[in-house]
Amino acid sequence: MSLSSSKTTVHVFRHGEVYNPDKILYGRLPDFHLSELGHQMAKAAAETLAGRDITHVVASPLERAQETAAPISAEFKLETASDVRLIESSNYFEGKKVSVGDGAFSNPRHWWVLRDPITPSWGEAYLVIAQRMFAAVQAARVAAEGHEAVCVSHQLPIWTLRRYVEGKRLWHDPRKRECGLASLTSFRFEGSKVVGIDYSEPAAHLVALSATAKTAKGA
């Protein structure tokens, strides 16, 4: 089979639950690690992928993504590569509380940042996110040509990538994202062309126990 017609699957995996007792928007801040439940989610996903033809694992450089990738790499006896293009989006509200009632959104001095929900004005442009994510996924596809790869990333970048590939507008209601904790959004390729997208939640039984999933979308 020629490389131009080879079939490759790239699983884009959202990290597990993060230990965040102060409930801030942690974004790209360092030293935010998986909670104990988050580690269990990562292991559950690795167990689900066992037996698949995974030949390449790559993750965002942030700790929670690297920790989520670790049991997958161990399962397949691979090294975890790092790709900054898989990183969380930048956000003005990073380091702040954004919960309803007592968060930064309720402070009028921040309202100017919310003036443009389409670009958006409070953070990295959706189109920039989509393009860097798609480039990262294509790089992973090439690395695993004819096999399967796993890319560990974050909710907003993954959801933006999916909408980009599906040809949908990139601005959206964050409450309607289909990208749960430790979920897999799998892009099936023939050559360099995406021919299908699948979604699964291998750690759904653990996500049901997660306070993060119940009270906030996480990152």
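Residues are numbered from 1 along each chain as its sequence is written, and side-chain values use heavy atoms, leaving out hydrogens and water. Because the model is predicted, local features need pLDDT of at least 70 and side-chain atom pairs count only at pLDDT 80 or more, while totals for chains, interfaces and linings use all residues.

**Exercise 1.** Find where His 33 sits and decide how exposed it is.

*Solution.* Start with the chain: His 33 lies in the loop between strand E1 (7-14) and helix H1 (36-49). Helices (H or I, at least four residues) and strands (E, at least two) are DSSP runs, numbered from the N terminus. Next, take the relative accessibility of His 33, which is 33%. Buried means under 20% relative accessible area, exposed over 50%, and partly exposed in between (1.4 Å probe, protein chains only). His 33 therefore counts as partly exposed.

**Exercise 2.** List what His 33 touches, then look for a polar contact of its side chain.

*Solution.* Contact means heavy atoms within 4.5 Å. Not counting residues up to four places away in sequence, His 33 touches Val 18, Tyr 19, Glu 63 and Glu 67. Now turn to the side chains: His 33 and Glu 67 are joined by a polar contact of 2.4 Å. A polar contact is a pair of N or O atoms within 3.5 Å; within protein, one must be able to donate a hydrogen and the other to accept it, and residues adjacent in sequence count only if both atoms are side-chain atoms.

**Exercise 3.** Describe how helices H3 and H4 pack.

*Solution.* Two packed helices are described by the angle between their axes and the distance between the axes. Helix H3 (residues 126-143) and helix H4 (residues 155-165) have axes 8 Å apart, at an angle of about 85°. That makes H3 roughly perpendicular to H4 (65 to 115 degrees). Finally, sort the residues of this contact: 13 are nonpolar, two polar and one charged.

**Exercise 4.** Is Ser 183 buried or exposed, and what surrounds it?

*Solution.* First locate Ser 183, in the loop between H4 and strand E5 (184-190). Its relative accessible area is 0%, so Ser 183 is buried. Then check the side chain of Ser 183: one of its polar atoms lies 2.7 Å from the backbone oxygen of Gly 180. Leaving aside neighbours within four places in sequence, Ser 183 is in contact with residues including Val 12, Phe 13, Arg 14 and Tyr 199.

Notes:
Axes are lines fitted to C-alpha atoms, for helices over the stretch in contact, and angles run from 0 to 180 degrees between N-to-C directions. Angles under 35 degrees count as roughly parallel, over 145 as roughly antiparallel, 65 to 115 as roughly perpendicular and the rest as oblique. Ala, Val, Leu, Ile, Met, Phe, Trp, Tyr, Cys and Pro count as nonpolar, Asp, Glu, Lys and Arg as charged, and the others, Gly among them, as polar.
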